[in-house]
Amino acid sequence: HIEDTEQREKIAAALNTEFPSHSYPITERTARGLGLKVKELDSAINQLLLKLNEYYSEMAQSAITDYDEANFHNNQILSVIETNGLQIYYQNDRDENYIKEERRWQFLNDESSWHKVELVDGVKSTSRLHIA
């Protein structure tokens, strides 16, 4: 939404070259220094966002069950999409086995899939989501 082409390119270049990764946190002061229009976040909204981040962090925890050095079970939510009354997420749910002779992993008992959780008339409904 910045009309000044030179300023847009300067901001884009800084964001792409001056920070170690895409997930690197940019503070309000840093964003202002880059030339971005920033306003202070309401404290109540900030608290809600921190709580939401806590929920997502818990959902995304990797749950690995080691059987031995060449076999383990991987269960982890990798992606979450939400809107009012609807949550869609992809869950990794599979056994992994290392084939030493071939120097590669193979997946077994793969139950990984998309899931849909929706609120219908105040009742939570959970199902697998099949995407074609």
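The legends below describe close-up views of a predicted model. In this model, local features need pLDDT of at least 70 and side-chain atom pairs count only at pLDDT 80 or more, while totals for chains, interfaces and linings use all residues. Residues are numbered from 1 along each chain as its sequence is written, and side-chain values use heavy atoms, with hydrogens and water left out.

View 1. Arg32 is partly exposed, with a relative accessible area of 42%, and Glu28 is partly exposed at 34%, a term for values between buried (under 20%) and exposed (over 50%), found with a 1.4 Å probe and protein chains only.

**View 2. Glu54 and Lys51 form a salt bridge.** Their side chains meet at 3.7 Å, N to O, and both residues lie in helix α3, three residues apart, which is about one turn of the helix. Glu54 is partly exposed at 47% relative accessibility, and Lys51 is likewise partly exposed, at 38%.

**View 3. Arg104 and Glu102 meet in a salt bridge.** The distance, N to O, is 2.5 Å; Arg104 is partly exposed at 38% relative accessibility, and Glu102 is partly exposed at 46%. A search of the whole structure finds six salt bridges.

Notes:
A salt bridge is a side-chain nitrogen of Lys or Arg within 4 Å of a carboxyl oxygen of Asp or Glu. Helices (H or I, at least four residues) and strands (E, at least two) are DSSP runs, numbered from the N terminus.
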